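User: Hello! Could you walk me through this model, one step at a time?

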Amino acid sequence: MAPRLLFVHAHPDDESLWTGGTIARHIAAGGDADLIVCTWAPGTSRHAEVVDAARILGLPREPIALGYADDRIPESAPGAPRFCEARFDSQVRVMVEHIRRLRPDAVVTYDPIGVYGHQDHIHTHRLADAAARAAAVPNIYRRLGDPWQVKSIYEVTATAWMIDILWEHVFDDMPVERLQGTPDHEVDLRVDIESAAIVDRKESAISAHHTEMDRSLAMKALMTLPPEIRRTLLATECYRRRDLTPGGIDLL
Ligand SMILES: [Zn+2]
């Protein structure tokens, strides 16, 4: 049987950009999954966009919004603390409650550097990792439901060849620091999306994020790349695998 998956992302759009093919492929194969998005509260434009994107990818339920503010955009969650500044233990508690209720076999989130160093992504990695481990411990947060053992954590990452393409074609005149990609031998799982229908679905889900398509130069550059280069980037999603139980669980 296909594993139950829980995707944990910082911002609306990351679910589609980094893991959209994995989600769409998993659901199309009869699997089940949920999505938690840490920033942008219900009622905001980008929350509405991630609801649309989740539907396009085939997720059976609406994304769960933790409702924190995006690091650089206070209006993303009026009155709420910035995601990276809220009390970590309170955040772990909320995430443990979701994990014990949803009972995922695997949690999918960013790698320890948040794929490319974004502070909200790094914080999301730490939160998902801490909560996945705490959810299994009976004596922590005892009132939050029965303990649940997540079997594996999958950390989405950018490989060296992806970074090369991104820097040559997407970030070429932007003032961002070039990162080293994850070496190929440290990638544990490559999800190659052979089906054109699944890649189309991923592109549609990315395009549902109208606000980012209008605002972000990188997003515009990505979606206007020559089709063969864009497809090369979008049709492969790479992960590092961290098993929390002996043997863990295969994502696919
Ligand atoms: Zn992001």
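User: How many residues of strand S5 (residues 152-157) are buried?

Analyst: This is a predicted model, where local features need pLDDT of at least 70 and side-chain atom pairs count only at pLDDT 80 or more, while totals for chains, interfaces and linings use all residues. Residues are numbered from 1 along each chain as its sequence is written. A residue is buried if 20 or more other C-beta atoms, placed from the backbone, lie within 10 Å of its own, and strands are DSSP runs (E, at least two residues) numbered from the N terminus. S5 is largely enclosed by the rest of the structure, because the buried count is 6 of the 6 residues.

User: Which residue in S7 stands opposite Glu155?

Analyst: Two strands pair if DSSP finds at least two bridges between them. On one side, strand S4 (residues 106-110) runs parallel to S5 over 5 bridges, and Thr109 has Glu155 as its bridge partner. Strand S7 (residues 236-243) is antiparallel to S5, with 6 bridges. There, the residue opposite Glu155 is Arg240.

User: At what angle do the axes of helix H3 (residues 88-102) and helix H5 (residues 119-134) cross?

Analyst: Helices are DSSP runs too (H or I, at least four residues). Axes are lines fitted to C-alpha atoms over the stretch in contact, and angles run from 0 to 180 degrees between N-to-C directions. The axes of H3 and H5 come within 8 Å, and their crossing angle is roughly 55 degrees.

How values were computed:
A residue is buried if 20 or more other C-beta atoms lie within 10 Å of its own, exposed if 12 or fewer, and partly exposed in between; C-beta atoms are placed from the backbone.
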